[in-house]
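Dear colleague,

I am passing on the structure that we spoke about, and I would be glad if you could look through it alongside the notes below.

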Amino acid sequence: MTYDLTFAKEVYENSEEGHWIKMCMQCGVCAGSCPMGFLGAWTHSPRQLFQMVRAGLRDEVLSSTDMWMCTSCYNCIVRCPRNLPITHIIHGLARYASVQGKADPKQSTHHFAKDIFWENIVATGRVGEAALTMKLYFKDGIGEGIKQGLEMKDSALGMLKAKRLKPLPFRGKIKGYPGFKAMLKKAFELENQKEGKA
Amino acid sequence: MEKKIGCYICTGCGIGDALDVKALGNIATKEQKIPVVKNHEFLCGTEGIAMIRKDLTDEGVNALVIAGCSHRVKNEEFRLGIAQMDRVDLRDKCLWVLDVPEGDDTAEEDRQMMAEDYIRIGCVKVKKMNDPNPYEASTPFSKVVLVVGGGIAGLTAALEVARTGYQAILVEKGETLGGQVAKMHKVSPARAPYNKLEENPLPMLLAEVKGNKNIRIMNNTVVQKTVGAPGLFDVTLNHNGTAAVERVGSIIVATGFQAYDPGKLDKKLGYGSSPDVITSMEFEEMAKAGKIVRKSDGKPAKRVAFSLCAGQRDTSHLEYCSGACCVYSLKQALYVIENHPDASAYLIYQEVRTPGQMEDFYRKVQNEGGIFIKGDVNKVTSGSSGLTLEVNDKLLRQGVTMEVDLLVLATGMETTMDTTDPNSASPVGKQVDELPGSILNLQYRQGPGLPSLKNNFPDSHFICFPYETRRTGIYVAGPARRPMGIAATCTDAAGAALKAIQVVESVARGAAVHPRAGDLSFPSFREEGCTQCKRCTEECPFGAINEDEKGNPLFNPTRCRRCGTCMGACPQKIISFANYSVDMIGSMLKEMEIPEADDEKPRILVFACENDAIPALDMVGRSHAGALSPYIRIIPLRCMGSMSLVWIADAMASGYDGVLLMGCRHGTDYQCHNVRGSALAEIRLSKVSETLDRLQLESSRVKMVEVNIMDAETLPQVINGFVAEISALDPNPYKGF
């Protein structure tokens, strides 16, 4: 039944900052403040997503791409008259969808965050810009990668001249890499513990 | 005692530099024959005031013309105990609104002419004034306050009256006190942190009222008839069939609301189709009995839906918001949630309206798990597992169905007051002693009820005078006046109690209540001149004037608000005040100097309402909103309602080129402090073209504009625009006659 609270309670308890969702008063200031809204990037505004959570529309919410479009500009947080940490709630929902395996693995921002960026940074402990960019461009195949790369070549050359881009993809690991790995391991442990997986 | 006028001209604030004060003094001395004329460079200072006081005692001066700033400033300083006084405004409405470039002799001359005219009319005004004699009745004034209605509003009002030391009579139609609140389980929070349900305040209030010696409680009593006026109301109270007359000073009506009849609601809400569709009041009684159950089978109701705005803000039912339903539905949602840990309360709303601190209560209910759905209930069907609702969910943008055990309809409030259409005065002689459904049965020429503006709520100037009605000395508190919740009702009742006390005290001194609070004059009437035209009795915005069988007016001075509408209405000019009369204003306008047509200096007479237009004019100079034409001459009026058409004819005959009337906004959003004054002036003015035609003058020479107190910015445009229109016409041919 619609407005069965099972899913809402699941989100309130498990999604980061999700318990705030019940306090939304559906004024729509977040929707009007979101720069992605003007670009038509989402189908459901933050407040609509929140109402969908409250209405118990589990699949629609978790498989939605809407929360993946957040640019973290924080306009909504600044403006929310009810002081809801909307940006964080949205990120929480995105992560919860990913953890639940409901998020589309091909969705660009999801794919970028989960695979490309994460792998890149974990490998060396620092962001390798050239590799990161290349992986992003070539994620949809070689032809698409070359096309996108050529489109951005002027920018890349300019950045090279200005020494804002390291041409070599591999610069090696950071100092104290084993410590970095240990930190990550501990973080995973804690997270699993929190989510009851340990 | 012979009148001896003193004219004091202040030369401070730049007046002395800008104007030829000696010439102004000569106007007062030689032309107006004022015996004492003096200047002072700082008249409102200690020395200046001492100079005036010395003349009051030593010279026998007993009337004052104070020329300086606007009468709206330095009030305390010039409160010298002299009733016959006028403040001539040389500064705010002359110096500060005229554009006089240095070395421009013509502009300087125009300014001097304006100041001289204002001195002239100030002197004439004081000459035409008399000391008011406060009204004294032949029978003693009462200070007892009658409270009609024994619900929370009436109880609070009576208690507030009694605590102040005044006597109150509390009349209740039914057997027991308490009204609607008596049926309630708990009440929404009235104190910080505004998130806990509170116990019903009624038992404590009742105990306090019953224990107060100043309150006389009369159960099973109705008001059969109300005769008289503030301080002198003779109210016939019928207690169980026995009538007795009580003399009271003022009346508070606190008869509360009646819930909108759910039977009249749209069938789609399902009222009557299932016993599980109930109203909020029925749910309240259920909660009070401790049994939140399905009425159909007595099973516990764990899923309860509330339909907010059941028939409200709906033009086919109640077009207004009842103000309290959102909050009481939130309260009832908490009953449900607190009753069972796994219960669900669904609030199906249009907008949640929780003004002020009630926003915290809204958050509380959200936090406790109240489920909010914006939309309408479109269909209700009942089955074995409960009610099935079809809801048009405006947030999800889709229809949803839900099963609930109970559907609670938050019905709105209607007033219990009997009101009358203010524009259809009841004809004399047809009034019966008692009207069915009438609460006060007023024996007033304008009808038995209180005038209403819309939705039958008694009307008042709601911005400036809440708790008021259009009947002096009768105040309405609580949801009888406008829909409201318990907390607002208690505040309202306290406000009405203070108003009720204020009026009995004012009446005892012979003084008016607002807007002319403290005015001791009242209309007097030269009976032999009356033609029984009944205009005064029909037009008085406060129903102050009754009529005898022949149609002669019978004044009730304690009902009077001193607006002068009767004076303006009277075609025979037989109504006047000690300090305000048709003759006074007529003489003032005739006293001003009208330049010859060849001088090309037109004269525009501006009648400005003292309540809004005059303050707006004062603000023109203060806010540097722009310069006004030097050809205008402003005469303040108490209210546009007091405007007599004689003045228009006099102005035209005296050679003024145009007349501009600046009154308050009228109509449904009226701002007139005397409710109908400016509207009546407009009606009278529609007949002025006849007068102008008779004089063979263009009707565009007279114009009325609506001026708001905030209009200073636009006034120069309005006034100068009119002056330009008039200047485009030929000069008034009556100049010099």
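The notes below go through chain A and then through the charged residues of chain B.

Please keep in mind throughout that this is a predicted model.

Chain A holds 12 helices and 0 strands, and its C-alpha trace spans about 55 × 40 × 30 Å along the principal axes. Of the 198 residues in chain A, 34% are buried.

One residue to look at in this chain is Gln107(A), which sits in the loop between helix H7 (86-99) and helix H8 (108-124). Gln107(A) counts as buried because its relative accessible area is 10%, under the cut-off of 20%. A polar atom of the Gln107(A) side chain lies 2.9 Å from the backbone nitrogen of His110(A).

On the surface of chain A there is a nonpolar patch made up of Met134(A), Phe138(A), Ile142(A), Ile146(A) and Leu150(A), which together have about 510 Å² of accessible area. Helix H10 (residues 142-151) gives the largest share of this patch, with 3 residues. Leu150(A) lies in that helix, H10, and is exposed, at 53% relative accessibility.

- Asp376(B) and Lys394(B) form a salt bridge through their side chains, at 3.6 Å from N to O. Asp376(B) belongs to strand E18 (residues 371-383) and Lys394(B) to the loop between strand E19 (386-393) and strand E20 (398-404), so the pair ties together parts that are 18 residues apart in sequence. Lys394(B) is partly exposed, with a relative accessibility of 36%.
- Arg445(B) and Glu538(B) form another salt bridge, at 3.5 Å from N to O. This pair links distant parts of the chain, 93 residues apart, with Arg445(B) in the loop between strand E23 (419-420) and strand E24 (450-451) and Glu538(B) in helix H11 (residues 535-539). Arg445(B) is buried at 8% relative accessibility, whereas Glu538(B) is partly exposed at 40%.
- Glu698(B) and Arg701(B) are joined by a salt bridge whose closest N and O atoms are 2.8 Å apart. Glu698(B) is partly exposed at 33%, while Arg701(B) is buried at 1%.

Salt bridges also link Glu31(B), Asp117(B), Arg120(B), Glu593(B) and Arg633(B) into a network.

Glu600(B) lies in the loop between helix H13 (582-591) and strand E30 (604-609), and is exposed, with a relative accessible area of 65%.

With best wishes

Notes
Residues are numbered from 1 along each chain as its sequence is written. Chains are lettered from A and ligands numbered from 1 in the order in which they are written. This is a predicted model: local features need pLDDT of at least 70, side-chain atom pairs count only at pLDDT 80 or more; totals for chains, interfaces and linings use all residues. Side-chain values use heavy atoms; hydrogens and water are left out. Helices (H or I, at least four residues) and strands (E, at least two) are DSSP runs, numbered from the N terminus. Buried means under 20% relative accessible area, exposed over 50%, partly exposed in between (1.4 Å probe, protein chains only). A polar contact is a pair of N or O atoms within 3.5 Å; within protein, one must be able to donate a hydrogen and the other to accept it, and residues adjacent in sequence count only if both atoms are side-chain atoms. Patches are made of residues with over 30% relative accessible area and no salt bridge: like charges are joined within 9 Å, nonpolar side chains (Val, Leu, Ile, Met, Phe, Trp, Tyr) within 5 Å. Accessible areas come from the Shrake-Rupley method with a 1.4 Å probe; for residues, only the protein chains shown count as cover. A salt bridge is a side-chain nitrogen of Lys or Arg within 4 Å of a carboxyl oxygen of Asp or Glu.
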